[in-house]
Amino acid sequence: MKMGITVYGAHLMVPEEGRTVAKIIRQAANVGFDGIDLGYYWGEDKAAEFAEARKVADGEGIAIANYIVGNNFGNAAMETKEAFDAEIAKVKTAIEEAAYFNCRTLRVFGGGYKQSWEDVSPKILEGLAACVETAEKNNVVMALEDHGGNCKNSSEQLFYISQIDSPFLRATADIGNFWLPGGELPLGGVSAVAEYVAMVHVKDYVFVNNTPVACPVGEGVIDFKSCFRALKDVNYEGWLSLEYECSIGNPKQGISTSLSNMRKFDACC
């Protein structure tokens, strides 16, 4: 499988002052990733930055693998109609931006944090359904992530996917999120959604004083060999994107270690 990193993990390798997406891309390429997922950290002149990002990626020999958007259909629906409509517009714009970068996959959220399933799951469905036509028009698959709220585990992902019933809504398997906050063993979550997976996020945890803390991949407790094998069993050949959230130690060293271990686990399964 191909090894990538999300822009919101790779950004840790670039000082905040003067940070640009182009600089983040260069650092990801320097570490040795095959691709990077974009979507955050754009400045005011997005058109110019988009063009620069494509030029830098081409020059560095790194693919723009996937695109990401931080939408929240559930909470917006509990606010106002205008807020809900704005979230739909945000996802549609992100679909078009993904198409600009020739990304075939866009990570999306359901949302609805601290809201009840009964209240917000119908609105999350409505938000996703409202974006399907734009996704199909641009040939971009929305990959719904297990990310807490009212889409926190495999059963909730599968509910939305089955209800929408479109090849343009699939799953992001965030391996660590199945466990935290999903309350599901990572292998169980990956296996349940494997046939629908269009994107994979990789993160790891170690226990410190009985509390799970993010760490470099391979230094924690998650069984990535088995999770990767479950994906290969359904012929998944897409991206494994490192979602680096560790706040301990040197980020570039931890990211490099994570990449090395991701390649090792992939080769062993």
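What follows is a short tour of the salt bridges.

## Ground rules

This is a predicted model, where local features need pLDDT of at least 70 and side-chain atom pairs count only at pLDDT 80 or more, while totals for chains, interfaces and linings use all residues. Residues are numbered from 1 along each chain as its sequence is written, and side-chain values use heavy atoms, leaving out hydrogens and water.

A salt bridge here is a side-chain nitrogen of Lys or Arg within 4 Å of a carboxyl oxygen of Asp or Glu. Go by that rule and you get 12 salt bridges.

## Between helices

Lys46 pairs up with Glu97, with 2.8 Å between the closest N and O atoms. The two sit 51 residues apart, Lys46 in helix H3 (residues 46–60) and Glu97 in helix H5 (residues 81–100). Helices (H or I, at least four residues) and strands (E, at least two) are DSSP runs, numbered from the N terminus.

As for accessibility, buried means under 20% relative accessible area, exposed over 50%, and partly exposed in between (1.4 Å probe, protein chains only). Lys46 is partly exposed at 32%, whereas Glu97 is buried at 13%.

## Within helix H5

Lys81 and Asp85 form a salt bridge too, their closest N and O atoms 2.6 Å apart. They are four residues apart in helix H5, so about one helical turn separates them. Lys81 is exposed at 58%, and Asp85 is partly exposed at 34%.

Arg107 and Glu145 meet in a salt bridge at 3.3 Å, N to O. Arg107 belongs to strand E4 (residues 105–108) and Glu145 to strand E5 (residues 141–145), so the pair ties together parts 38 residues apart in sequence. Both Arg107 and Glu145 are buried.
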